Every structure is written in structure tokens, then in C-alpha cells.
Amino acid sequence: MSSTSPVQRIADQAARPDPYPVYAELRRSPVIRDESGVHLVTTYWEIHDLLQDSRISSDARNLAPGANPLLAEEGEATLPPSFIRLDPPEHDRLRRLAMRPFGPPHSPRRIHDMHGELTAIVTDLLDGLAGRERFDVVDDFAYPLPVAVICRLLGVPTEDEPRFRVMVDGVVAGLNPAQPVEERRAAQHSRFELGQYLAELIEEHRRHPGEDMLSAWVTDEGPEGRMSLVEMVTNAVLLLIAGHETTVNLIANGVLTLLRHPDQLRRLREDPSTAPQLVEELLRYEPPVQFLPQRTTLTDLDVAGTVIPKGAPVWLLLASGNRDPRRFTDPDTFDPAREDNQHLGFGFGIHACFGAPLARLETQVALTELVSRLADPQLPEDPPPYRPSPVLRGPRHLEITGRLVA
Amino acid sequence: MMRDGRIVIVGASLAGLRAAEHLRDAGFVGSLTLVGDEAHEPYDRPPLSKQVLLGQVLPEHTALPRTREIDAEWRLGIAAAGLDRDRRRVQLVDGSEIEYDRLLIATGVRSRPWPNEAEAALEGVCVLRTRDDTARLGRLLARRPSRVLIIGAGFTGSEIASACRERGFAVTVAERGAAPLVGALGGVVGDVAAQLQREHGVDLRCGVMVTSLEGDAGGRLRRAHLSDGSALDADIAVVALGAVRNTRWLEGSGLAAGPRGVACDAGCRAFDVHGIVTDDVFAAGDVARTPHPLFGYQFLSLEHWGNAVAQAEIAAHNMISADSRRRPHLWTPSFWSAQFGVNIKSVGAPTMGEEIVVTQGSLADHRFAAAYGYQGRVIAAVGFDHGKWMGGYRRLIEQAAPFPPELPGRRGERPVPARFPDPALPSHGPTVTLTGHSPSEKRVVFTPARA
């Protein structure tokens with residue numbers, strides 16, 4: 001095992017059900033240089049500080065040539081990078097424009113006001129499962145929910161959702177950093193297809209605007225003007241991917257964690273007001289985004305005594321920081337009553353998760369409604385099969401048995 | 001640890017309340033008394049010059065959230081009048097006294113009033129510090145003034161100007177310095193603030209002082225006279241000339257307290273006038289001045305929300321802890337402001353900055369981060385709509401990173417003088433004199449200064 005590099009150990013599918021022992025070992029050093037040239041940052045405060053350090057970039061163009069063999073070939077560009085892969089000032093402008101119809105300061109109530117709608121979607125899904133004694137939490141519940149929500153939010157027609165899911169699946173498959181070049185190409189093709197679909201959809205909304213975000217993007221003239229069509233497509237692709245795959249994993253991880261901690265499941269069932277705190281602890285304990293593999297140093301950077309050279313690829317291991325015993329007491333204990341839970345589940349700084357309020361609300365509603373209607377839930381297979389990605393980590397399937405009461 | 005006994009907190013605002021909560025959190029079960037000169041329970045001040053003036057929040061809806069029950073005796077609407085350290089008693093204006101074993105001074109600051117009392121009494125002349133002040137200004141604004149004059153373009157003055165412009169009133173700002181915010185952030189950033197004000201329709205006049213305010217026969221403000229010889233018709237004048245620390249009640253107490261605050265060690269223990277540290281009197285919040293190692297052990301007194309919270313916790317902890325368990329207050333200064341659609345955030349001590357360099361964004365766009373340098377190190381930073389980066393700059397300041405900082409991606413920006421007003425002219429007179437000749441009789445005599 002010791003001959004295996006840290007990156008290989010993280011990428012190893014065998015570590016997927018429980019990557020935390022690997023992280024714990026890696027945390028013995030705050031910065032680890034992998035033989036591939038990647039530098040892994042493993043400890044809470046170091047990650048925390050780097051997330052708001054302007055000397056580290058999210059823009060792949062700052063990567064020294066050949067610095068990251070894992071990204072050997074980017075292939076021909078299909079869409080320009082989204083703001084998640086850009087630095088200020090381009091990042092700031094695009095994020096601000098994308099945010100206008102989504103959250104504060106211009107639309108502070110958008111997510112809050114979706115509470116009823118979310119509950120209705122969740123209830124519908126659960127009604128559809130009523131009477132079943134066995135179902136797959138991922139395919140039957142966690143997956144359809146965020147797709148429905150993000151489609152509703154962006155203005156994707158319901159009849160397009162299945163088509164849409166195929167394209168998004170393809171794009172998400174490309175997020176695995178340790179993946180062969182052919183698959184990366186396939187993912188880029190999916191991204192292109194999704195882009196074309198969205199461009200058509202945006203044109204449609206320009207002609208017939210509704211209450212959705214895409215309509216707001218094409219019609220709402222702010223002080224900085226509007227995004228170009230390509231920018232809108234890029235941003236929409238980003239929100240689609242970021243806005244649903246992560247939530248699927250958060251909900252599935254949540255159900256799995258609750259089934260492994262029946263006392264916490266009972267507590268949530270008896271007192272739904274504990275849901276917000278429970279979801280925060282979930283984001284610390286089983287964050288869907290395990291690490292950020294796309295940062296690059298802009299200068300030689302001293303991190304906890306190790307100098308990361310300029311132009312080096314850096315992975316910020318959020319999930320490892322979340323279990324850092326120097327920051328959280330009993331970090332491996334799932335404790336929703338935990339105080340001062342400033343986890344790294346949504347990242348931090350200028351790239352802090354755009355959709356965090358939506359993800360929180362969706363998961364709170366989903367878990368609360370599910371446990372309130374599910375009697376005697378059991379887990380026939382533990383651990384369940386996991387998705388291949390070590391970045392967006394979550395069960396591929398999560399079979400549970402029990403009775404769903406109406 | 002001291003679990004029992006009597007603790008008195010003078011000052012029932014942010015620092016006082018958070019200290020009380022922390023004392024109870026830490027297990028203090030003795031008697032706790034909070035004295036406040038305002039009739040209100042503790043409330044939050046930052047919204048007063050922003051959301052409240054814009055009518056988004058009612059003044060009475062600014063109560064500070066409580067983090068826990070504190071089981072305290074509240075003496076609200078009654079000010080402290082004096083301190084007898086020998087008998088460990090706080091004297092109140094109604095003649096009553098409260099005994100203490102430990103005292104926390106958290107009396108904060110008040111607005112510097114308009115110096116001419118008769119003019120200050122004119123209807124339409126006001127300050128903005130308390131909830132009542134805001135309510136009064138709100139009533140004046142409700143009558144749709146033809147022009148609002150704001151005297152002083154520090155943070156409070158600028159925020160009021162912003163809110164008044166947003167509500168559509170004609171606004172003139174008169175500032176003695178060369179630009180708004182120049183005292184806090186220097187001339188380079190001040191110039192940006194000036195552009196912001198002018199772009200938002202403020203009639204900004206710098207380098208002038210208001211020399212007198214003139215009322216009509218009914219005692220209502222109608223005109224202001226300026227040092228450049230001009231006059232200006234206005235129905236409201238908001239005096240925003242900074243703050244004075246509430247230490248007058250400590251005159252004669254023998255504490256090192258004056259117009260600049262109560263001097264303390266880094267553990268929030270007050271010094272007496274000889275510079276000897278006390279062990280039963282503590283201070284926290286705007287009224288406290290503490291030496292900060294990061295800034296050459298200079299005594300800093302900070303009117304920062306975050307400082308009040310952090311210092312209150314340290315003071316509370318130290319008040320009931322044994323020597324070896326005491327902690328220093330090493331909070332890195334930081335403050336924020338919102339005005340003219342821009343979120344301003346700063347960390348460190350900009351006023352110590354000799355030079356400034358724009359590190360991100362650009363001054364021309366009014367969206368930037370800039371670092372301040374002092375003797376070759378980063379001493380402070382400011383962001384206009386760059387708040388999320390300030391934590392990174394805070395780390396640079398705490399690590400004494402070299403100035404100019406190694407921040408890549410910049411094209412040719414060089415440090416320039418930060419242009420703070422010349423500090424050679426003292427704004428406060430001497431507050432102490434030395435007496436005695438031999439070491440055994442050398443003493444300090446405290447001389448109340450003219451603030």
C-alpha cells in the first residue's frame with residue numbers, strides 16, 4: 001500500500017465507501033506532494049486560508065505546462081470556462097450576473113419562497129413510492145428531486161427532463177480527475193450537446209419569458225448589462241451540474257448516515273426542527289464535494305512550512321479538513337448537535353457554493369419528509385455501491401426496505 | 001476560577017451584553033448587574049445608519065439577538081456617575097451605589113456634539129448614534145427636507161449621505177479633510193469615495209468646515225455658513241464628527257481613562273493613572289484601548305462591531321479566571337461599511353499605512369482590494385466589493401508578510417503614498433502631568449482634557 005501514491009489511493013474505487021482512514025493518514029502532513037506533481041492540502045486551517053488567498057488561482061490557464069499529468073489533454077475547447085474556473089475580475093462579473101435572479105441582494109426571497117413548492121415535489125415523489133417495500137433512494141428519490149427542482153428554477157420543460165438527465169450524466173462522468181482521456185472526450189461531447197440544448201432553450205425564453213432564471217438572465221438589464229449567449233449557456237451548464245449531482249449525493253449520503261445512526265433518525269422524525277443542524281453536520285461528515293482538484297498556485301506559496309511551487313496543481317481536500325481533529329472534537333462522530341460547525345462542505349471565499357441555500361433547503365425537506373413517512377427502514381446492503389468519482393462522492397444505488405406510509 | 005461574587009457591567013450595549021452572556025456560559029453563577037444609560041435593551045447599531053434610515057427596518061426592531069439567558073439585574077435608563085475603587089462601588093446618577101467584586105467598563109462612545117450649544121439645539125440639527133437619534137432623524141426625513149447637510153464624511157456621515165440619496169433627497173456633505181473616509185483609509189481610497197459620492201449625486205465639498213448654523217425665528221435650522229465664505233440652505237444638518245468615549249464618569253477614579261478611552265493591558269485589565277494594572281476593573285468595546293503586539297504594541301481603541309464581541313469574551317473570561325488561564329485580546333481589527341451600493345471592508349490598521357498598492361481589481365471601477373504597507377510589511381488592507389478576500393489579507397497581516405505583497409497577475413501597479421492627513425497636529429491635549437522628584441514620590445496627576 002505504501003508504494004501507492006496519495007492520488008492513487010484517493011482515486012482507488014476500494015476507498016470510495018470509506019475514504020476517511022486515507023484522509024486521516026494523509027493529514028499527518030498538511031501538504032503532501034504526490035509523484036504526479038499534485039500538491040494535496042489536507043488540514044482544516046490550511047484549506048480555510050487557501051480558499052481566501054488571492055495567490056492561488058482557479059483558472060486552468062495558470063497551470064505550468066505539463067504540471068498536471070492527470071489533465072494531460074484538455075482536448076478542443078467546447079465552451080469557455082465557467083466562473084468556477086475563473087479568477088476575478090471575470091469571475092466576479094459572471095457570478096454576480098448569474099446570482100441576480102437567484103439570491104441576495106437582488107432576489108433574497110427566491111429560495112425561501114420555494115419551500116412550499118419543494119415540499120410538494122417531495123411529497124409527490126414519496127406518494128409515487130407508497131406501498132413499495134423496497135426502493136432505491138438514489139434512482140427513485142434523490143435523483144429525480146434535484147433534477148425537478150433545478151429544471152423548475154432554470155425553466156427546463158418537464159418533458160425534456162429525461163433527455164436532459166442523459167446529457168448531464170455524461171458531463172458529470174467527466175469530473176473524475178483520474179479518468180482516461182477517451183472518457184474525458186466523451187464528457188466534453190456531452191457538455192457540448194447540453195450547451196446546444198440550452199442555447200435553444202434560452203432563445204425560446206427570450207421570445208416567451210417566464211418567471212424562471214433563464215428568462216431573468218435574458219430579460220433583466222442590470223447595471224452591468226447582461227451576459228452574452230455563450231456566457232449564459234456556460235453558466236447554465238455549471239448550475240445544472242453543480243445544482244443537482246451534488247444534491248443527489250447529499251441526500252443519499254444523508255439517508256445512509258441516518259440509517260447507520262437510528263437514534264438520529266428517530267430524533268429527526270420526532271423533531272423536524274432539528275433538520276437544519278442535521279444537514280450542516282452531514283455537510284461536514286459526508287460532504288458530496290470531497291475535494292477541489294482545480295486550484296493552481298500563482299507564486300511559490302509557503303503552506304504550513306512546505307513551499308508549493310508556482311504553477312503547481314493543488315487539491316484542497318475539503319472532506320479531510322472536515323475531519324481534522326485540530327478543528328473539530330471527535331471529528332469522526334456524527335453529531336448533529338455539534339456547536340460551531342463551520343464545515344468546509346460548501347467551500348469558502350469567493351467560490352463558496354452559489355447554490356448552498358437551495359441545497360440546504362432541498363435536503364432538509366427531503367430528509368424530514370422521508371423519515372416522517374418511512375416505517376422500519378433497513379439497509380440490506382452496507383456499504384452500498386458507490387459512484388466512481390472521488391470528487392463528487394456518493395452511492396450509485398441505495399436500496400432500502402421499509403414501509404412508506406401515506 | 002471565580003464562580004461566585006458580584007460582577008457589575010456598566011454599559012448595556014453589544015460589548016456589555018456579550019460579556020454577560022459569556023460569563024454565564026463560562027459558569028459564573030454569582031450576581032450580575034447591567035447598567036445602561038439608555039432605556040432600551042441592548043440593540044445593534046450598524047443598521048441605524050443603513051437599513052433603518054432607508055426604512056427597511058424599524059428602529060425598535062434592532063434588538064440584539066440573545067445567545068442565552070443571562071439572569072441579570074438590569075438598571076436601564078440610568079447612567080453611572082462615578083467610581084469609588086477603594087470601596088468597590090459604582091455610583092449612579094440617582095445617588096444609589098452598586099457594590100462589585102469585578103467591574104467591566106463597557107460604556108462605549110457617544111457622538112461628538114455640535115460645539116455651539118445654541119446651534120445644536122436648533123430643530124433639524126441632529127447626531128446619529130443611538131436608536132432614539134435614528135428615530136428623530138427618521139421623523140425629520142419624513143417631512144421631505146429640501147436639503148440635508150451632513151457635516152463630516154467619515155463612515156457614519158457617508159452612510160447617512162448614501163441612505164439620504166437613495167431616498168431621493170438633495171444632500172450636501174461638508175468635510176474638513178481632502179476627501180471622505182480620508183482619516184480612516186487615506187487619500188488614495190478617499191478619492192474613490194469622493195467619486196462614489198459625486199456619481200450618486202452628492203454635493204460633496206471637501207476642505208471646508210461648517211462655521212455656523214443659522215435658525216429661523218421659530219428655532220428651525222435654515223442655513224449653514226461654511227469656511228469658504230459660502231452659505232447653504234438646509235433644513236436638516238446631521239453632525240457626524242466622530243465619537244467621544246464615555247469616560248467622564250470615571251474622572252477622579254484614578255483609572256487611566258480619558259477622551260481616548262480606558263487604557264488596559266491586552267487582557268482587558270484597566271490601568272490606573274500610574275500605568276499600574278488593576279485586577280478587578282476590566283474594560284471592553286469601543287471605550288477600551290489595548291496594546292496590540294501586531295501593531296508595535298500601540299494602544300488601539302477600535303469602534304468596530306467585531307472588536308466589541310471579541311473583546312467582551314476575553315474580558316469576561318479573564319474576569320473570572322486565574323492568572324495562568326488568562327487570554328490576550330489579539331483580535332486583528334476589521335470593519336465594514338455599506339454605502340452607495342458598495343460594500344467596504346477593511347482589516348488591520350490602515351492608519352499606520354505609509355504606502356498603498358492596489359492588489360486586485362481597479363480603483364477606476366470602484367471594485368478593488370488594496371494593501372497598506374508599513375516599514376516593509378503588510379499592515380492593513382481594504383476591499384471595495386472584495387470582502388470575501390479580506391480573510392486572506394488578514395493572514396498576510398498576521399504573518400507580517402512583506403510589502404508590497406507577492407500577489408501575482410498585477411500589471412505594473414506600484415505602491416504609492418497612502419496619503420493620511422498629517423498627524424503632527426495633535427487633536428487632544430495632554431491628559432496627565434508628572435509630579436514629584438525622587439522615585440518614591442513620583443506620581444501621575446490626571447488632567448481631564450478638553451475633548
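As a bit of bookkeeping, residues are numbered from 1 along each chain as its sequence is written, and chains are lettered from A in the order in which they are written. The model being predicted, local features need pLDDT of at least 70 and side-chain atom pairs count only at pLDDT 80 or more, while totals for chains, interfaces and linings use all residues; side-chain values use heavy atoms, with hydrogens and water left out.

Back to the strands (DSSP E runs of at least two residues, numbered from the N terminus). S19 (residues 261-263) and S22 (residues 288-292) of chain B run parallel and are joined by two bridges; pairing calls for at least two DSSP bridges between two strands. Both belong to an open four-stranded sheet of chain B, ordered S18-S19-S22-S23 with mixed pairing. S18 (257-258) and S23 (298-300) are the edge strands, each with a single partner, so one side of each has no neighbour in the sheet.

Elsewhere in chain B, S5 (residues 89-92) pairs on two sides. Strand S4 (residues 80-84) runs antiparallel to S5(B) over four bridges, with B:Gly82 opposite B:Gln91. The hairpin of S4(B) and S5(B) has four residues between the strands, and B:Arg88 adopts a positive phi near 50° there. S5(B) is also antiparallel to S6 (residues 97-99) of chain B, this time through three bridges, and B:Arg89 faces B:Glu99 across that pair. Four residues again separate the strands of this second hairpin, where B:Gly95 in the turn has a positive phi of about 95°. In a regular strand, side chains alternate between the two faces of the sheet. For S5(B), the covered face carries B:Val90 and B:Leu92, and the uncovered one B:Arg89 and B:Gln91.

As for the interface, 13 residues of chain B are in contact with 13 of chain A (heavy atoms within 4.5 Å). The buried area is about 1,300 Å², 56% of it from carbon and sulfur atoms (accessible area lost on putting the two parts together, 1.4 Å probe, summed over both). B:Lys388, B:Trp389 and B:Pro408 supply 45% of what chain B buries against chain A, more than any other three residues. The count of salt bridges between the chains is one (a Lys or Arg side-chain nitrogen within 4 Å of an Asp or Glu carboxyl oxygen). B:Arg395 makes a salt bridge with A:Asp49, the closest N and O atoms lying 2.7 Å apart.

Conventions: Buried means under 20% relative accessible area, exposed over 50%, partly exposed in between (1.4 Å probe, protein chains only).
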